[in-house]
Amino acid sequence: MALPGNLVDPGAANPWLSSGTGIDKVMCGNNFATKVGSGDYRLLYEAVDTGNGTVSCLATAGSPLGPWAKYGGFNTPIAVLPRGGAGEWDDFQAAVSASCIAWDPINSQWAFLYHGRKSTPVQYSLGMATAPAGSNWQS
């Protein structure tokens, strides 16, 4: 189908990611993709589990169009940014939400903004996480 202007045809490549039976069994949500190197693309995405809150997970691909592979496996994705400990500002939710990921050449690390939610009392905040390799993020 030809679309006018700069509209995008979703095509047959959808969906890029589907929920599995692990920590993303409710939803694969907010996301941001970036090119790390030649044939190396990373997709940070929000993973929602039943009653257990939200974490940030990673998928990788050799092309920006996929196919995307979840870090840890389809039904066993691993949280690259887990929730904080009990009572911390992000103990219920630590999820990629802002389309902001950047390489910091001074400190040789990746950085991204994420939103966190404290379970009690409910409070939402923004934080920054960093990772030298882009997969083991620390807030």
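This is a predicted model: local features need pLDDT of at least 70, side-chain atom pairs count only at pLDDT 80 or more; totals for chains, interfaces and linings use all residues.
## Overall architecture

The protein chain contains zero helices and eight strands, and its elements, read along the sequence, follow the pattern β-β-β-β-β-β-β-β. Of the contacts in the protein chain with a separation of 6 or more, 44% are accounted for by residues 24 or more positions apart.

Buried residues make up 38% of the 139 residues in the protein chain. The accessible surface of the protein chain comes to about 7,600 Å², and carbon and sulfur atoms contribute 56% of that area.

## Nonpolar cores

The largest nonpolar core has 13 residues, and those that touch the most other members are Leu44, Leu81, Ile101, Phe112, Tyr114, Ala129 and Trp137. At least two residues of this core are supplied by each of strand 5 (79-81), strand 6 (93-104), strand 7 (109-118) and strand 8 (123-131). Another core, of ten residues, lies apart from the largest one, and its members include Leu43, Ala59, Ala61 and Trp68.

## Aromatic pairs

A pair of aromatic rings is described by the distance of the centres and the angle of the planes. With ring centres required to lie within 6.5 Å, the count comes to three aromatic pairs. One of them joins tryptophan 103 and tryptophan 110, with 5.2 Å from centre to centre and 65° between the planes; because an angle over 60 degrees counts as edge-to-face, this pair of tryptophan 103 and tryptophan 110 is assigned to that class.

Phenylalanine 112 and tyrosine 114 form a tilted pair, in which the centres are 6.0 Å apart and the planes make an angle of 50°. Both phenylalanine 112 and tyrosine 114 are buried, and both are among the residues that touch the most other members of the largest nonpolar core. Ring pairs also link Phe112 and Tyr114 with Trp89, so that the three residues belong to one cluster.

## A charge over a ring

A further contact of an aromatic side chain involves lysine 70, whose charged end sits over the ring of phenylalanine 74 at 4.2 Å from the centre of that ring.

Key
Residues are numbered from 1 along each chain as its sequence is written. Side-chain values use heavy atoms; hydrogens and water are left out. Rings of Phe, Tyr and Trp (its six-membered ring) pair if their centres lie within 6.5 Å; planes under 30 degrees apart count as stacked, over 60 as edge-to-face and the rest as tilted. Buried means under 20% relative accessible area, exposed over 50%, partly exposed in between (1.4 Å probe, protein chains only). A charge sits over a ring if NZ of Lys or CZ of Arg is within 6 Å of the ring centre and within 35 degrees of the ring normal. A nonpolar core is a set of buried Ala, Val, Leu, Ile, Met, Phe, Trp, Tyr and Cys residues joined through side-chain atoms within 4.5 Å. Helices (H or I, at least four residues) and strands (E, at least two) are DSSP runs, numbered from the N terminus. Contact means heavy atoms within 4.5 Å. Accessible areas come from the Shrake-Rupley method with a 1.4 Å probe; for residues, only the protein chains shown count as cover.
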